[in-house]
Amino acid sequence: MEDCIFCKIVSGEISTEKVYEDDQVTAFHDANPAAPTHILIVPNRHIRSINQVTAEDEQLLGHLFTAARLLAEQRGIASSGYRLIINTGPDAGQAVFHLHLHLLGGGRMKHPMG
Ligand code: 5GP
Ligand code: ZN
């Protein structure tokens, strides 16, 4: 996807510190953090949103969560707790149309849903 900001981060065209990277997913700090730890985990392959996922993506989706667990441990928030969010479409306020998992933690959250 030519104009996708997260594809450009994955490819390195836009230089961003990556906190995790493997052959399937890439993670980096959110530019506008909503919590002391706010990391975005994205598939390396462009998928617009959860509305576009298929059965063929199931292993990849599971891998996003494995990466989230690993990052939560590495950032020291596994036991204090964290929240994982995937916004989909306008009502959820999805702003970037490249699927991403938000990993939020490092402080007590005020609202049960963010
Ligand atoms: P959404 O609302 O689509 O779930 O969240 C998009 C997130 O991407 C927002 O939290 C926003 O701060 C973050 N974001 C948008 N553009 C960039 C960028 O260029 N770099 C980084 N690191 N984060 C971005
Ligand atoms: Zn993309």
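Ala, Val, Leu, Ile, Met, Phe, Trp, Tyr, Cys and Pro count here as nonpolar, Asp, Glu, Lys and Arg as charged, and the others, Gly among them, as polar. On that scheme, the shell around ligand 1 has eight nonpolar, seven polar and one charged residues. This is a predicted model, where local features need pLDDT of at least 70, side-chain atom pairs count only at pLDDT 80 or more, and totals for chains, interfaces and linings use all residues. Residues are numbered from 1 along each chain as its sequence is written, and side-chain values use heavy atoms, with hydrogens and water left out.

**Around ligand 1**
- Of the 16 residues around ligand 1 (a heavy atom within 4 Å of it), His29, Asp30, Ala95, His100 and His102 come nearest.
- Helix H1 gives the most to this shell, with three residues; helices are DSSP runs (H or I, at least four residues) and strands are runs of E with at least two, numbered from the N terminus.

**Polar contacts** (pairs of N or O atoms within 3.5 Å)
- Aspartate 30 places a polar side-chain atom 2.5 Å from an oxygen atom of ligand 1.
- A polar backbone atom of histidine 29 is 2.8 Å from a nitrogen atom of the ligand 1 molecule.
- For alanine 31, a backbone N or O atom lies 3.2 Å from a nitrogen atom of ligand 1.

**Aromatic pair** (ring centres within 6.5 Å; planes under 30 degrees apart are stacked, over 60 edge-to-face, the rest tilted)
- The whole structure holds one aromatic pair.
- Phenylalanine 6 and phenylalanine 28 form this edge-to-face pair, 5.3 Å centre to centre with 70 degrees between the planes.
- Phenylalanine 6 lies in helix H1 and phenylalanine 28 in strand S2, so the pair ties together parts 22 residues apart in sequence.

Technical notes
Chains are lettered from A and ligands numbered from 1 in the order in which they are written. A polar contact is a pair of N or O atoms within 3.5 Å; within protein, one must be able to donate a hydrogen and the other to accept it, and residues adjacent in sequence count only if both atoms are side-chain atoms. Rings of Phe, Tyr and Trp (its six-membered ring) pair if their centres lie within 6.5 Å; planes under 30 degrees apart count as stacked, over 60 as edge-to-face and the rest as tilted.
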